[in-house]
Amino acid sequence: MHHDDTPDLDHQLAQLRSGMAGIDTPHCVEKELMQAFAAQFAQRQPWYRRLGLLEWSAAGIGGLVTVAVLGLLLVSPHLANRLHESNALVRIDNGGAFIALDSFERIDAEPAPRLVETEVPRTMLAALGLPVTPENAGDAVRAEMLVGAGGEPLALRLSSLSFN
Amino acid sequence: MTITPTTSDTDLLRRMRAGDAQAFAALYRRHQGPLYRFALLRSGSADTAADTVQEAFMGLLSGRLAFDPLRGALPHFLFGVARLLILKQEAARRREPPLPEPDEDDSELACDEACPLARVLAIEAAEEVRRALSRLAPHYRDAVILYELHDLSYGEIATICAIDIGTVRSRLARGRVALAKALRAHALDTP
């Protein structure tokens, strides 16, 4: 744009442009804007990006504890069943006892079991988990033994068993 | 990804919106100078100019100001925002009861005590131009500042001021004549 009507004006405007060339916004404005930026994106970030190392460590430990507790809760029924099953191998009631010498599946599957009457020394029963006292250690206990077709012992029923 | 002077504003904006603080800082540093100088000359107040720059970038940051790269360049968008913010402030100031007039003659558009302009513009002629510019009608001032001091085209000024190119041309011509007249009058008054 040529300005013949104002010949000095272009020169004066150039002086103003030159004088203002170094003027910038005060530094505090940038500082405040960057703080606003940080605040805004701290809110916008998903929760997992806002957590620091300490929070992540605590969360990790918490997670491990939770997994361990859950694992125990899930596993314990199986353990209980197994314990229950093992306890079922020796069942004592009304002064008698039933001792499974093989698994219940094996006993059920036996096609031709036989019942054999016998007497067993009480000391031998101690190995099967039955209580033995010094007074009755020398006694014998009347027993019915369930044997398989091949003669292998499957279970033992003890009658008139006294724990006194 | 590094930021270079050739990194586009659009790219910086995209990265800023993704939470890249360096991109926002680069964007601010790239545009704050011209924007502040425009606001300073347009409002005549360093505080108003600083507030204007801060508010414009806050609007960009918060998403309150929706910049569309398809509708123009970012600097022009920021000039437009600054102009509207200053107009809004001037309108609010007009509604408020006027403060007692200072003694100085050139109090029509007062410059702050701590105005960096007053300190930096040691050259008397430049200061005279600034004073004369501050006395121009606001719509002439927009055109003269953006054309003469920011080298914007008629089309760009038309977009910023939301007027047509013909109006820009006439406002610029009248603004220049008024400015020259004010400067001549000042030169005659000066002993």
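Among the contacts in chain B that join residues at least 6 apart in sequence, 63% link residues at least 24 apart. This is a predicted model, and what follows should be read with that in mind. Chain B has 191 residues, of which 38% count as buried.

Which residues of H3(B) are buried? They are B:Ala46, B:Ala49, B:Ala50, B:Thr52, B:Val53, B:Gln54, B:Ala56, B:Phe57, B:Leu60 and B:Leu61. After H3(B) comes B:Gly63, a residue whose phi is positive, near 90°.

The next step is to see how one helix lies against another. Two packed helices are described by the angle between their axes and by the distance between those axes. In chain B, helix H4 (residues 74-95) packs with helix H8 (residues 154-161) at an angle of about 45°, and their axes are 8 Å apart. Because of that angle, H4(B) is oblique to H8(B), and the crossing of H4(B) and H8(B) is right-handed. On the side of H4(B), the residues that take part are B:His76, B:Phe79, B:Gly80 and B:Arg83, and in H8(B) they meet B:Glu156, B:Thr159, B:Ile160 and B:Cys161. Sorted by class, this contact of H4(B) with H8(B) has three nonpolar, three polar and two charged residues.

Having looked within chain B, we can turn to the place where it touches its neighbour. Here 28 residues of chain A are in contact with 33 residues of chain B. On the side of chain A that touches chain B, the elements that give two or more residues are helix H1 (7-20) and helix H2 (27-44) of chain A. Which of the elements gives the largest share of that side? It is H2(A), from which eleven residues come. By class, the residues on the side of chain A that touches chain B divide into 13 nonpolar, nine polar and six charged.

Note on methods. Residues numbered from 1 in each chain as written. Chains lettered and ligands numbered in written order. Predicted model: local features only at pLDDT ≥ 70, side-chain atom pairs only at ≥ 80, totals over all residues. Axes fitted to C-alpha atoms, helices over the stretch in contact; angles between N-to-C directions. Helix = DSSP H or I, 4+ residues; strand = E, 2+ residues; numbered from the N terminus. Parallel < 35°, antiparallel > 145°, perpendicular 65-115°, else oblique. Left-handed = near helix turned anticlockwise from the far one by under 90°. Contact = placed C-beta atoms within 7 Å. Nonpolar A, V, L, I, M, F, W, Y, C, P; charged D, E, K, R; others polar. Buried ≥ 20, exposed ≤ 12 C-beta atoms within 10 Å, placed from the backbone.
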